[in-house]
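Please look over the sequence and the model shown here before reading on.

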Amino acid sequence: MDELHTAVSPCAATASEGPRRVVVGVSGSIAAYKAPFVVRLLRQAGHEVKVVATESALRFIGAPALAAVSGQAVSTGVFDDPAAVEHVAVAERAELVLVAPASADLLARVRAGRADDLLTATILTSQAPVVLAPAMHTQMWLNPATQDNVAVLRERGLTVIEPDSGRLTGKDSGVGRLPEPEQIVSEALAVLDRVPGTKDGARAGEYGGVLTGRHVVVSAGGTREPIDPVRYLGNRSSGRQGCALAVAAVEQGARVTLVQAHVASELLEALPPSVTVVSAGTAHDMLHAVREAARDADAVIMAAAVADFRPVTVAATKIKKQASAGAGLDGEPAMSIELTANPDILTGLVTNPPRVGQIVVGFAAETGDDDGDVFFHGAAKARRKGAHLLAVNAVGEDLGFGDVPNAVVVLDAQGSEVARGQGSKMEVARLLIDLTAGLLHGS
Ligand code: CTP
């Protein structure tokens with residue numbers, strides 16, 4: 001098996017719009033020990049953090065630790081400082097309320113509109129977006145009461161992050177673990193990205209994107225298949241379309257993972273800070289990275305140009321011209337490289353999805369030939385690949401798009417036209433994200 005070379009960029013390295021005021025709520029769960037890491041990541045990203053803990057949270061983690069890491073006193077009760085009407089003051093200043101961990105009890109109280117401690121009173125009062133990161137035992141999470149609470153909270157526009165699966169506090173394991181702090185902060189910053197900064201810290205009102213709470217994986221760029229330590233087989237893909245898709249998904253509230261192959265650093269640096277970037281150099285690296293990222297994804301969009309073939313053998317040392325066998329053109333030596341097919345990542349996502357029910361979107365750059373036009377080849381590929389959507393890139397062909405930066409015909413798995421669009425890569429990206437969201441919402 002090929003060795004996997006991936007690197008995850010530190011999420012939230014910079015604040016997109018300068019420092020923002022974040023309230024981090026901590027409720028009673030053993031996972032409260034991870035809260036300081038969440039606070040630290042937010043502060044490293046340049047944000048101001050005020051911690052509001054419940055009484056039971058402080059049985060699991062000490063207030064001094066939370067105060068030290070946040071740089072502010074930790075508040076707990078509505079009556080700690082009644083003269084200051086603290087729940088109103090804290091709520092009005094907040095630009096985001098992030099609760100990590102959110103216990104089953106906290107979810108129930110927020111759903112019921114309770115205000116029996118400073119955290120729930122703050123959530124009830126605040127106009128800021130609310131992100132909840134649940135952590136609890138599997139049975140509590142799967143209990144219809146909790147699931148019903150989560151569904152209602154999401155309907156109301158709160159973001160409830162999916163808990164991880166794995167080892168729980170006791171001997172057993174299952175779904176219900178608090179996600180890693182990096183992931184929580186990445187999702188929280190995706191929400192903040194969509195909230196314009198305001199002078200008084202109040203929400204500007206527009207954060208309910210159609211992909212709120214969803215995870216979208218996008219691949220971008222072009223893989224390179226090594227021949228020897230200095231040479232590779234590559235392609236001209238810049239990764240611009242994939243980056244545009246990542247931005248369009250963030251605009252709609254998604255948590256986004258971009259699996260990139262050789263995309264220029266300027267393009268990656270221009271991405272919203274909430275985007276998690278995973279690097280994959282070869283088709284095999286990309287196969288593993290995409291499938292790993294897609295395990296909890298709602299949609300996977302394969303915009304990368306994946307090499308169809310790779311050399312059968314990769315020379316350990318630089319191949320010398322003189323060692324090449326046979327006669328080539330103009331009396332020069334010839335050499336040949338035997339190639340073997342790479343796995344088709346897109347087809348694999350369709351036939352063996354990492355997560356049941358996820359939407360799979362592919363691209364196809366077709367030129368048309370004697371056998372048929374762009375649409376003919378695109379429709380055949382759509383049926384062959386079976387993706388929910390296939391964006392056939394028809395730039396320069398005779399489909400009436402004219403001389404535009406990019407143009408696509410979007411086909412379904414039967415090869416029937418679903419939509420067409422033209423314009424900048426960003427406009428094409430927004431069209432595809434809209435169509436993907438439509439499929440996720442069943443319309
Ligand atoms: N793709 C993939 N894995 C590969 C090759 C392609 O996942 N090994 C994906 C691309 O990311 C794209 C789609 O499949 O979303 C179509 O890629 P394209 O190169 O147009 O199709 P191929 O299957 O390579 O067909 P051909 O080159 O014969 O046109």
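This is a predicted model: local features need pLDDT of at least 70, side-chain atom pairs count only at pLDDT 80 or more; totals for chains, interfaces and linings use all residues.

Residues are numbered from 1 along each chain as its sequence is written, and side-chain values use heavy atoms, with hydrogens and water left out.

**Helix pairs**

Helices (H or I, at least four residues) and strands (E, at least two) are DSSP runs numbered from the N terminus. Axes are lines fitted to C-alpha atoms, for helices over the stretch in contact, and angles run from 0 to 180 degrees between N-to-C directions.

| Pair | Angle between axes | Axis distance |
|---|---|---|
| α10 (residues 240-251) and α15 (residues 425-440) | about 55° | 8 Å apart |
| α5 (residues 104-112) and α6 (residues 118-125) | roughly 40° | within 10 Å |
| α5 and α8 (residues 144-155) | about 50° | 9 Å apart |

Helix α10 packs against helix α15 at an angle of about 55°, which makes α10 oblique to α15; angles under 35 degrees count as roughly parallel, over 145 as roughly antiparallel, 65 to 115 as roughly perpendicular and the rest as oblique. The crossing of α10 and α15 is right-handed, a crossing being left-handed if the near helix is turned anticlockwise from the far one by less than a right angle, and right-handed if clockwise. On the α10 side the contact (heavy atoms within 4.5 Å) is made by residues including R240, Q241, A244 and L245, and on the α15 side by residues including K425, M426, V428 and A429. By class, this contact of α10 with α15 has ten nonpolar, one polar and four charged residues, where Ala, Val, Leu, Ile, Met, Phe, Trp, Tyr, Cys and Pro count as nonpolar, Asp, Glu, Lys and Arg as charged, and the others, Gly among them, as polar.

Helix α5 takes part in a pairing with α6, and these two helices are oblique to each other, with a right-handed crossing. L106, R109 and V110 of α5 meet L119, T120 and I123 of α6, a set that divides into four nonpolar, one polar and one charged.

Helix α5 is also oblique to α8, but passes α8 in a left-handed crossing. Here A104, L107, A108, V110 and R111 in α5 meet T146, D148, N149, V150, V152 and L153 in α8, and the contact has seven nonpolar, two polar and two charged residues.

**Cavities**

On a 1 Å grid over the protein atoms alone, a cavity is a set of points where a 1.4 Å probe fits but cannot get out, and lining residues have an atom within 4 Å of a point. Ten residues line the largest cavity, and T159, E187, G213, G253 and R255 lie nearest its centre. Helix α9 (residues 181-193) gives the largest share of this lining, three residues. By class, the lining has three nonpolar, three polar and four charged residues.

**Backbone features**

Most residues other than glycine have a negative phi, and most peptide bonds are trans. A cis peptide bond, with omega about 0°, joins A100 and P101, and P101 is placed in strand β3 (residues 96-102). H262, although not a glycine, has a positive phi of about 60°, and H262 is placed in the loop between β11 (255-261) and α11 (265-269).

Methods
On a 1 Å grid over the protein atoms alone, a cavity is a set of points where a 1.4 Å probe fits but cannot get out, and a pocket is an open set with protein on both sides within 12 Å along at least five of seven lines; lining residues have an atom within 4 Å of a point.
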